[in-house]
Amino acid sequence: MKALIVGTGGVGESMAAIAKRRDPSGELFEKIVLADYDLARAQKASQRLGEDRFPAEQVDGGDPDAVAALAERYDVDIICNMLPVNYAMPMMHAALKAGRHCMDSGMSLSEPHPTDPYNKVGKLLGADQFTLHDEFEKIGKLALLGHGIEPGMADYYARYAADHYFDEIDEIGIRDGATLEIPGHKGMAFVFSIWVTIEECTNPAVVWEADRGFYTVEPFSELESFLLPGGIGYQEMGHIEHDEVVHIGRNAHLLKGVKKASFKYAVGQEFTDAIGVLKSLNLHKTDPVDFRGTKISPRDFVAAVAPDPSELCKGLVGITSSGTWVKGKKDGLEREVYLCQIADAEDVLGRLGTQVITAQTAFTAVITMEMLATGKLAGYMGNPESGVRSPEEFCADPYVALMAAYEFPGGLMEMDSEFKRAQDRRALTLPLD
Ligand SMILES: NC(=O)c1ccc[n+]([C@@H]2O[C@H](COP(=O)([O-])OP(=O)(O)OC[C@H]3O[C@@H](n4cnc5c(N)ncnc54)[C@H](O)[C@@H]3O)[C@@H](O)[C@H]2O)c1
């Protein structure tokens with residue numbers, strides 16, 4: 001497998017570090033080209049990896065011809081877009097031009113409804129990308145959308161839960177929280193792409209219901225207290241715009257007839273307030289403004305001056321839990337589970353040299369490349385072989401089976417339910433050892 005990663009920030013560099021650790025001899029990941037418009041950044045990542053199979057290149061992800069030419073020069077099998085999500089479309093056009101598979105970790109941009117933004121959807125996340133479905137089918141290649149952790153693992157988990165743990169599903173909710181902190185750091189800390197964090201935290205949040213379709217609510221609204229495992233405990237979390245809701249809504253037929261999908265994240269009051277300040281100052285906006293004769297996009301400016309998450313977050317300590325909460329029925333009994341991935345910031349930094357949030361994002365993309373290379377993705381168990389696809393469209397069994405080998409093991413928290421109580425009662429009648 002040869003891959004081109006465009007965007008060697010936190011996630012792109014973590015992908016390469018994970019591929020190297022999984023496959024030290026280069027039998028599986030023969031070549032991974034690291035490309036960025038900031039060549040020094042790609043070179044730094046390449047030098048840290050210290051092997052010829054990770055060369056550094058300069059490319060602009062907004063230029064499909066240049067990305068396609070690079071993909072052709074190295075004859076890669078797949079182009080991985082690890083850029084901010086506003087590059088989703090040029091990167092997909094690059095893959096079409098070069099005739100390669102492509103993968104990303106987010107979705108093309110949504111647009112708020114012009115008159116009723118906290119109720120109706122304007123343009124849905126990913127809507128532009130799905131228009132290219134037929135073109136990818138025509139060239140017989142896959143465009144794999146949203147292969148990070150959330151989206152990504154969370155979507156594979158939705159499919160895994162449907163296939164293994166439920167007969168019927170009422171609701172799937174992605175729920176994420178952490179005990180992470182950076183000792184000594186004061187103020188706001190972005191933990192991954194600053195541009196994208198501002199986008200998702202200021203846009204109306206999307207929710208899906210089978211009988212209502214996609215609709216929107218205010219970001220951080222409908223706070224709920226959710227119990228996260230591994231000692232994290234109860235955390236307050238609210239709605240945020242996220243791709244999983246779109247993937248789940250579009251693929252309800254593969255998910256035991258799920259009726260509702262939502263995404264909630266525990267960001268904490270300090271972070272919510274800081275986003276509020278950015279918004280009140282119009283610093284979240286992307287349209288360029290005139291500053292003493294120079295055009296500047298306020299959000300690009302914030303991203304350029306704020307501390308770089310991939311470096312700052314190497315100081316994180318604590319644990320983080322990402323996962324998929326599923327509620328439905330099994331054997332006629334109500335059941336609720338939370339399928340999760342819990343990672344310890346210091347452990348991850350110690351073994352990969354990259355910070356926990358971007359490393360946790362990156363492993364799903366690398367597992368998916370391994371599945372593609374070993375025949376466990378395209379065509380496997382009736383999986384699609386081409387087109388623009390959500391993770392839910394693929395059998396998740398090989399993915400879940402590989403998580404532990406990648407040192408990001410999955411976990412299942414059986415939540416209090418009729419099903420769990422019946423299980424507990426059965427266990428209580430077993431003879432003691
Ligand atoms: N699915 C998930 O779970 C998940 C989680 C975290 C991040 N992400 C996504 O992963 C992507 C990367 O995030 P990150 O934290 O690594 O961001 P980052 O800001 O650390 O890195 C982005 C890199 O892209 C480069 N870049 C920007 N514009 C470019 C251009 N035009 N051409 C070439 N290079 C360019 C930058 O120089 C930088 O190195 C983002 O889209 C983010 O939303 C997904």
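Helices here are DSSP runs of H or I with at least four residues, strands are runs of E with at least two, and both are numbered from the N terminus. With that in hand, start at the ligand: helix 1 gives the largest share of the shell around it, three residues. Helix 1 (10-22), helix 12 (309-312) and helix 14 each put at least two residues into that shell. Among the 35 residues around the ligand, the nearest are G9, G61, G148, S193 and V196, where "near" is a C-beta atom, placed from the backbone, within 6 Å of the molecule.

A quick word on what you're looking at. This is a predicted model, so local features need pLDDT of at least 70 and side-chain atom pairs count only at pLDDT 80 or more, while totals for chains, interfaces and linings use all residues. Residues are numbered from 1 along each chain as its sequence is written.

Seven strands make an open, parallel sheet in the order 3-2-1-4-5-8-19; two strands pair if DSSP finds at least two bridges between them. Strand 3 (56-58) and strand 19 (387-389) each have a single partner strand, so one side of each has no neighbour in the sheet. On average, neighbouring strands are turned by 20° against each other, direction ignored. Within this sheet, strand 1 (residues 2-6) and strand 4 (residues 78-81) are parallel and share four bridges, with L4 opposite I79.

L4 and I79 turn up again in the largest nonpolar core, which has 123 residues; L4, I5, V6, M15, I79, C80 and M91 have the most contacts inside it. Such a core is a set of buried Ala, Val, Leu, Ile, Met, Phe, Trp, Tyr and Cys residues joined through C-beta atoms within 7 Å. Helix 14 (residues 356-373) brings the largest share, 11 residues. Beyond its neighbours within four places in sequence, C80 is in contact with residues including A3, M103 and A365 (contact: C-beta atoms, placed from the backbone, within 7 Å).

Finally, look at strand 14 (residues 260-265), where six of six residues are buried, meaning 20 or more other C-beta atoms lie within 10 Å of a residue's own, again placed from the backbone. K260, S262 and K264 point one way, and A261, F263 and Y265 the other. Strand 9 (residues 168-178) pairs with strand 14 in the parallel sense over six bridges, placing R175 opposite K264. Strand 10 (residues 205-209) runs antiparallel to strand 14, joined by two bridges, and W208 has A261 as its bridge partner.

How values were computed: A residue is buried if 20 or more other C-beta atoms lie within 10 Å of its own, exposed if 12 or fewer, and partly exposed in between; C-beta atoms are placed from the backbone. Two residues are in contact if their C-beta atoms, placed from the backbone, lie within 7 Å. Axes are lines fitted to C-alpha atoms, for helices over the stretch in contact, and angles run from 0 to 180 degrees between N-to-C directions.
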